[in-house]
Amino acid sequence: MPQKAPIRKRIARIFKLLIWLYHTGRNLRQLDNATDEQRAATLRHMGQSCLDTLGIQIHVEAPNGNQAQHGLLIAANHVSWLDIFVITALYPASFIAMQELKNWPVIGKMVTNAGTVYIDRSNRKDINVINAAISRVLEANGNVCFFPEARTTLGNGMLPLKAALFQAALDSNAPVQPIA
């Protein structure tokens, strides 16, 4: 069983993360009038700087070698909040998230400024509107990421997939990039 980090190290990580959060919040506020390239660069930097702050390295195993970096519908399993930063460091993307996230203090404003598209999971009619929005981003060569299991898991198995959002890739003829 892995040992926990000493308390001093955990406190230092939290302090570094709070500093990162402050700087990231400032950077995301400046994205209001940014170009797509500026937004992608800022999001990639945000993801990588979070991982650097926490001392996390990414190791990529891609069976097909280099793949497209733009215009992707990214489908990933969701094991922890770090997934978002790893994916963003690799493929800057707009994320699909539950509508309730918009109202979270501080985080809600940050993820909105990062280009998150919110979905009302209680309204099945919302799917067509979301798929149309995803298609527009994909057709404009942007990336969109979602978690088809629709919840965080331990990552040791697969839950049934909520497949409705894959329709956007079909509608816009965009590649799907699976990530685990």
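Let's start at L73: setting aside neighbours within four places in sequence, this residue is in contact with I134, L138, V144, F146, L165, F166, A169, P175, V176 and Q177. Keep in mind that the model is a predicted one.

**The nonpolar cores**

L73 also belongs to the largest nonpolar core, a set of 14 residues, and is one of those with the most contacts inside it, together with I96, I134, L138 and L165. Which elements each supply at least two residues of this core? They are the strands β1 (73–76) and β4 (144–146) and the helices α5 (126–139) and α6 (167–172). Helix α5 gives the largest share, with four residues.

There is a second, separate core as well, made of 12 residues, and among them are W20, L51, L54 and A89.

Is S49 buried or exposed? With 16% relative accessibility, S49 falls under the 20% cut-off and therefore counts as buried. Its side chain has a polar contact with the side chain of W20 at 2.8 Å. The side chain of S49 also reaches the backbone oxygen of M46, at 3.1 Å.

**Two asparagines with positive phi**

Next come two loop residues worth a look in the backbone. N141 sits in the loop between α5 and β4, and its phi is near 75°, a positive value in a residue other than glycine. N173 is not a glycine either, yet its phi is positive, at about 55°; this residue is in the loop between α6 and β5, the strand of residues 176–179.

As for accessibility, N141 has a relative value of 47% and so counts as partly exposed. N173, at 72%, counts as exposed because the cut-off for that class is over 50%.

**A patch on the surface**

Which residues make the nonpolar surface patch of about 290 Å²? The patch is made by W104, V106 and I107. I107 lies in helix α4, which covers residues 107–113. At 33% relative accessibility, I107 counts as partly exposed, because that value lies between the cut-offs of 20% and 50%.

Here are the accessibility values side by side:

| Residue | Relative accessibility | Class |
|---|---|---|
| S49 | 16% | buried |
| I107 | 33% | partly exposed |
| N141 | 47% | partly exposed |
| N173 | 72% | exposed |

Key
Residues numbered from 1 in each chain as written. Predicted model: local features only at pLDDT ≥ 70, side-chain atom pairs only at ≥ 80, totals over all residues. Heavy atoms only, no water. Patch = residues over 30% accessible without salt bridge, like charges linked within 9 Å, V, L, I, M, F, W, Y side chains within 5 Å. Areas by Shrake-Rupley, 256 points an atom, 1.4 Å probe, with all protein chains shown as cover. Salt bridge = Lys/Arg side-chain N within 4 Å of Asp/Glu carboxyl O. Buried < 20%, exposed > 50% of the residue type's maximum accessible area, 1.4 Å probe, protein only. Core = buried A, V, L, I, M, F, W, Y, C linked by side-chain atoms within 4.5 Å. Contact = heavy atoms within 4.5 Å. Polar contact = N/O pair within 3.5 Å; in protein donor to acceptor, adjacent residues only side chain to side chain.
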